[in-house]
Amino acid sequence: MREASSEPDEGDVREAGRLSANAVDCLPDGALAVKLAKARREGRPLRVKLGIDPTAPDIHLGHAVVLRKLRAFQDGGHKVVLIVGDYTARVGDPSGRSTLRPMLSGEQIEKNAATFQEQALKILDEDGERLEVRRNSEWLDMEMAQLLELARTTTAAQLLERDDFAKRWEAEQPISMLELMYPLLQGYDSVAVEADVELGGTDQKFNLLLGRDIQRAYGQPEQAIMTLPILAGTDGKQKMSKSLGNQIGIVEEPHEVYGKLMSVPDELIGDYSRLLLDREVDPTLSPRDAKRALAKDVVAWLDSPAASSHGEAYFDRVFVERSAPEHLEEARFSAGDGTVHLPALLAEVFGMSRSEARRTIDQGGVALEDDALRAGEHDVAADRLDGAVIRVGKRRFRRLRAR
RNA sequence: GGCGGGGUUCCCGAGCGGUCAAAGGGGACGCGCUGUAAACGCGUUGGCUCUGCCUUCGCAGGUUCGAAUCCUGCCCCCGCCA
């Protein structure tokens with residue numbers, strides 16, 4: 001559907017340029033400016049869609065990249081439509097995956113959906129004028145006839161063009177019907193909420209574009225799409241994701257966030273800075289100092305400057321000086337006959353097995369008051385433990401107290 | 001419906017009657033080095049009352065002095081042809 005009546009003026013073009021900073025793709029060319037112009041003429045905000053499937057319980061910095069962009073739209077006066085994909089989470093988006101994804105239980109999805117929504121508000125403006133939160137079960141739990149109507153909008157060839165489907169097809173790997181349906185469902189979300197613009201990671205490009213086709217099939221104006229870079233996880237290699245264990249959650253303890261950011265490979269500092277803080281790295285800083293500045297400012301953004309300072313102090317103390325943090329959790333032990341079997345105590349306190357505890361001790365990984373225990377030193381006098389700080393590895397600490 | 005290939009310890013993947021708690025890689029963990037990291041080196045990676053014992057190789061039986069390895073049944077996954 002042409003929108004020729006909405007010629008963008010200079011301001012629209014500038015605004016579109018500003019909004020598409022950091023974007024990898026903003027398609028079709030010029031479409032965003034046209035959308036802006038149209039909305040301006042009609043005196044309404046743009047409806048900017050993001051769908052997130054609550055397949056894991058927490059939002060991490062990878063999600064934050066897109067959420068920040070949404071926030072930029074909000075700050076520009078537009079309305080974000082956040083779709084919690086409680087229905088699509090049951091299907092499992094195959095994007096970037098080479099294997100099938102397990103289906104989640106309704107209960108688990110419900111739980112995740114609640115925390116997702118709550119955590120997203122840490123970044124988004126929750127003003128009702130600027131935010132609409134929807135669940136896609138509202139419209140996807142549809143009649144068979146409606147589903148078939150949706151299915152008519154797209155051909156198998158179209159779907160198989162998608163990169164990961166194409167690869168799997170080529171490699172004779174399974175592609176389930178459920179997965180094939182996924183892009184259609186996501187596209188239908190756009191129809192249901194009448195999206196003007198949809199955002200997503202670059203891995204979503206196909207789905208976002210297909211949304212346009214589906215909107216057209218339903219007689220709606222086609223959304224503009226914007227893709228943002230995928231943030232690499234703390235391993236520096238793979239996309240940040242909970243299941244790969246390389247994520248930094250936005251509601252983690254400030255010192256955890258700080259520490260995890262510091263452990264990110266240097267090569268990522270630039271990306272992180274640009275995508276999470278919208279700024280380039282100060283070239284006069286050494287990688288170490290640049291990373292410190294990054295860590296500090298990200299924590300300040302997510303929490304507060306005070307939390308950030310504490311996170312930094314904690315980090316310096318524990319990792320730079322290698323001493324125990326100021327505030328330690330306590331662990332109680334019973335003195336028994338005056339000797340304590342450490343593997344049992346460590347197993348209980350740190351959730352490891354006794355064998356693992358023994359090995360760690362034997363490898364010099366357990367220290368009492370900064371003195372590493374010697375190999376075989378498994379039984380220790382209770383009075384030596386009472387009040388002492390025990391450290392396992394670099395970062396696990398407890399203050400011991402006799403019970 | 002027919003034919004064929006598979007299910008091994010966190011993951012991938014060897015093993016194909018004893019020498020197997022099971023090669024190799026990845027990941028993770030510990031130590032060293034260091035900038036906090038990366039890279040690199042060394043070590044560990046089922047459990048336990050630990051020079052030994054117990055439990056693992058889809059599930060259940062069976063053969064055998066002895067099975068992850070052989071047999072039978074069952075469950076599940078994948079591909080091809082139709």
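Tutor: Before we look at this predicted model, one term is needed: a helix is a DSSP run of H or I at least four residues long, and helices are numbered from the N terminus. With that in hand, we can say that helix α15 is followed by Gly351, a residue whose phi is positive, near 65°.

Student: Why is helix α15 called largely enclosed by the rest of the structure?

Tutor: A residue counts as buried when its relative accessible area is under 20%. Helix α15 runs over residues 342-350, and eight of its nine residues are buried, so the helix is described as largely enclosed by the rest of the structure. The buried residues of α15 are Leu342, Pro343, Ala344, Leu345, Leu346, Ala347, Val349 and Phe350.

Student: How much of chain A is buried, and how many helices and strands does the chain hold?

Tutor: Chain A has 403 residues, and buried ones make up 46% of them. Its secondary structure comes to 17 helices and 13 strands, and its C-alpha atoms fill a box of roughly 85 × 50 × 40 Å along the principal axes.

Student: Why is Glu198 called buried?

Tutor: The relative accessible area of Glu198 is 2%, and since the limit is under 20%, Glu198 is counted as buried. This residue lies in strand β5, which spans residues 197-201.

Student: Which residues is Glu198 in contact with, leaving aside its neighbours within four places in sequence?

Tutor: A contact requires heavy atoms within 4.5 Å, and with those neighbours left aside, Glu198 is in contact with Lys49, Gln186, Ser190, Leu208, Gln223, Ala224, Ile225 and Met226.

Student: How do you know that Gly211 is buried?

Tutor: Its relative accessible area is 0%, which is under the 20% limit, and therefore Gly211 is called buried. Gly211 is found in helix α10, residues 205-217, and beyond the neighbours within four places in sequence it is in contact with Gly187 and Gln223. Gly211 and Tyr188 are 23 residues apart in sequence, while their C-alpha atoms are 6.9 Å apart in space.

Student: What makes Ala16 buried rather than exposed?

Tutor: Ala16 has a relative accessible area of 9%, and because buried means under 20%, that value places Ala16 among the buried residues. Ala16 is found in helix α1, and it touches Leu32, Ala33 and Leu36, not counting residues up to four places away in sequence.

Student: Why is Asn22 called partly exposed?

Tutor: Partly exposed covers the range between the buried limit of 20% and the exposed limit of 50%, and Asn22, at 23% relative accessibility, falls within that range, so it counts as partly exposed. Asn22 is found in the loop between α1 (10-19) and β1, and its phi is near 75°, a positive value in a residue other than glycine.

Student: Where does Pro28 lie, and what kind of peptide bond joins Leu27 and Pro28?

Tutor: Pro28 lies in the loop between β1 (25-27) and α2 (31-42), and the peptide bond joining Leu27 and Pro28 is cis, with omega about -15°.

Student: What makes a space inside the protein a cavity?

Tutor: A cavity is a set of grid points where a 1.4 Å probe fits but cannot get out. By this rule the count comes to one cavity of 30 Å³ or more, and about 30 Å³ of space lies in the largest cavity.

Student: Which residues line the largest cavity?

Tutor: The lining consists of Ile52, Ile59, Leu82, Ile83, Val84, Phe116, Gln117 and Ala120. Strand β3 (79-84) and helix α4 (106-120) each supply at least two residues of that lining.

Methods:
Residues numbered from 1 in each chain as written. Chains lettered and ligands numbered in written order. Predicted model: local features only at pLDDT ≥ 70, side-chain atom pairs only at ≥ 80, totals over all residues. Heavy atoms only, no water. Buried < 20%, exposed > 50% of the residue type's maximum accessible area, 1.4 Å probe, protein only. 1 Å grid on protein atoms, 1.4 Å probe; cavity = no way out; pocket = protein on both sides within 12 Å on 5 of 7 lines; lining within 4 Å. Points joined across faces, edges and corners; volume = space filled by probe spheres on them.
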